[in-house]
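Take a look at the chain below before reading on. The text then goes from the overall fold to single residues.

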Amino acid sequence: MAGGDDAKLTGLSKYFNGTTTAGRANVGKATYAVIGLIIAYNMMKPKKK
């Protein structure tokens, strides 16, 4: 897909880009991780009486 364009990417854009399959997979994994953390936080926080 991107070919040699990976060398131009720096920082987080190297891992979370929309041009490569691996970058798109990393975005999906990060999204699932954030949703999981939100669910875990809501389940573990103390209940109000």
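Predicted model: local features only at pLDDT ≥ 70, side-chain atom pairs only at ≥ 80, totals over all residues.

The protein has 1 helix and 0 strands. Of its 49 residues, 8% count as buried. The exposed surface comes to about 4,400 Å². Carbon and sulfur atoms supply 67% of that area.

Helix α1 covers residues 21-44. UniProt, in an unreviewed entry, places a "transmembrane region" at residues 27-44. Over residues 27-44 the model is 100% helix and 0% strand. The end C-alpha atoms of this stretch are 26 Å apart.

Now turn to the segment before α1, where Asn 17 sits. Is Asn 17 buried or exposed? Asn 17 counts as buried because its relative accessibility is 8%, under the 20% cut-off. Its side chain makes a polar contact with the side chain of Thr 20, at 2.7 Å. The Asn 17 side chain also reaches the backbone nitrogen of Thr 19, at 3.5 Å. Leaving aside residues up to four places away in sequence, Asn 17 touches Leu 9, Gly 23 and Arg 24. Of these, Gly 23 and Arg 24 fall within the residue range of α1.

The surface has a nonpolar patch too. Which residues form it? They are Leu 12, Tyr 15, Phe 16 and Val 27. Together they have about 410 Å² of accessible area. Val 27 lies in helix α1. Val 27 is partly exposed, because its relative accessible area is 37%, between the 20% and 50% limits.

Methods: Residues numbered from 1 in each chain as written. Heavy atoms only, no water. Patch = residues over 30% accessible without salt bridge, like charges linked within 9 Å, V, L, I, M, F, W, Y side chains within 5 Å. Areas by Shrake-Rupley, 256 points an atom, 1.4 Å probe, with all protein chains shown as cover. Salt bridge = Lys/Arg side-chain N within 4 Å of Asp/Glu carboxyl O. Helix = DSSP H or I, 4+ residues; strand = E, 2+ residues; numbered from the N terminus. Buried < 20%, exposed > 50% of the residue type's maximum accessible area, 1.4 Å probe, protein only. UniProt positions renumbered as here; feature names shortened; annotations may be inferred. Polar contact = N/O pair within 3.5 Å; in protein donor to acceptor, adjacent residues only side chain to side chain. Contact = heavy atoms within 4.5 Å.
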